[in-house]
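The sequence and the model come first, and the notes follow by topic.

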Amino acid sequence: MTDPRIPADLTWIRAAPEGEEGPGPWIEIAFGPDDLVYLRETSDPDNVVTTTTTKWDAFTKGVVAGEFDHFAELDGEGPVTPS
């Protein structure tokens, strides 16, 4: 079921490794009206999360600054979570 609060004409950008083919699952983002950013997973496109461009910008700056690196460091079982 399509959520009427989500604009139908969004342009989704897939965050997948360069040259990667196939269905993923990948995260997709779209920038919409009213300074909103929409996020979804390709395997569940009807489940959309929204945030503001201000929060999105803060998040992406944090990623670039390495604030979330501990989530990507693998311990053989998956990402290391803070204790």
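Glu28 and Arg40 form a salt bridge in which the closest N and O atoms are 2.7 Å apart. This pair links distant parts of the chain, with Glu28 in strand β2 and Arg40 in strand β3 (residues 36-41), twelve residues apart. The model is a predicted one.

**Salt bridges**

- The structure holds two salt bridges.
- Besides the bridge to Arg40, Glu28 forms a salt bridge with Arg14, where the closest N and O atoms are 3.2 Å apart.
- Through shared partners, the salt bridges join Arg14, Glu28 and Arg40 into one network.
- Glu28 has a relative accessibility of 7%, under the 20% limit, and therefore counts as buried.
- Arg40 is also buried, because its relative accessible area of 18% falls under 20%.
- Arg14, at 44% relative accessibility, lies between the 20% and 50% limits and so counts as partly exposed.

**Surroundings of Arg40**

- The side chain of Arg40 makes a polar contact of 2.7 Å with the side chain of Glu28.
- With neighbours within four places in sequence left aside, Arg40 is in contact with Trp12, Trp26, Ile27, Glu28, Pro45, Asn47 and Val48.

**Strands β3 and β4**

- Strand β3, which contains Arg40, runs antiparallel to strand β4 (residues 44-52), and five bridges join the two.
- A hairpin of two residues connects β3 to β4.
- Glu41 has Asp44 in β4 as its bridge partner.
- In a regular strand, side chains alternate between the two faces of the sheet.

**Nonpolar core and Tyr38**

- The largest nonpolar core has five residues: Ile6, Leu10, Ala30, Tyr38 and Val48.
- Tyr38, a member of that core, touches Arg5, Ile6, Pro7, Leu10, Trp12, Glu28, Ile29, Ala30, Gly32, Val48, Val49 and Thr50, when residues up to four places away in sequence are not counted.
- Among the residues that Tyr38 touches is Glu28, which forms salt bridges with Arg14 and with Arg40.
- Val48 belongs to the core and is in contact with Arg40.

**Aromatic pairs**

- The count of aromatic pairs comes to three.
- Phe59 and Phe68 form a tilted pair, with 5.3 Å from centre to centre and 45 degrees between the planes.
- The ring centres of Phe68 and Phe71 are 6.4 Å apart; their planes are at 25 degrees, which is under 30, so this pair is stacked.
- Trp56, Phe59, Phe68 and Phe71 form one aromatic cluster.
- Phe59 counts as partly exposed, with a relative accessibility of 38%.
- Phe68, which pairs with Phe59 and with Phe71, is partly exposed at a relative accessible area of 30%.
- Phe71 is partly exposed too, at 40% relative accessibility.

Key: Residues are numbered from 1 along each chain as its sequence is written. This is a predicted model: local features need pLDDT of at least 70, side-chain atom pairs count only at pLDDT 80 or more; totals for chains, interfaces and linings use all residues. Side-chain values use heavy atoms; hydrogens and water are left out. A salt bridge is a side-chain nitrogen of Lys or Arg within 4 Å of a carboxyl oxygen of Asp or Glu. Buried means under 20% relative accessible area, exposed over 50%, partly exposed in between (1.4 Å probe, protein chains only). Helices (H or I, at least four residues) and strands (E, at least two) are DSSP runs, numbered from the N terminus. A nonpolar core is a set of buried Ala, Val, Leu, Ile, Met, Phe, Trp, Tyr and Cys residues joined through side-chain atoms within 4.5 Å. Contact means heavy atoms within 4.5 Å. Two strands pair if DSSP finds at least two bridges between them. A polar contact is a pair of N or O atoms within 3.5 Å; within protein, one must be able to donate a hydrogen and the other to accept it, and residues adjacent in sequence count only if both atoms are side-chain atoms. Rings of Phe, Tyr and Trp (its six-membered ring) pair if their centres lie within 6.5 Å; planes under 30 degrees apart count as stacked, over 60 as edge-to-face and the rest as tilted.
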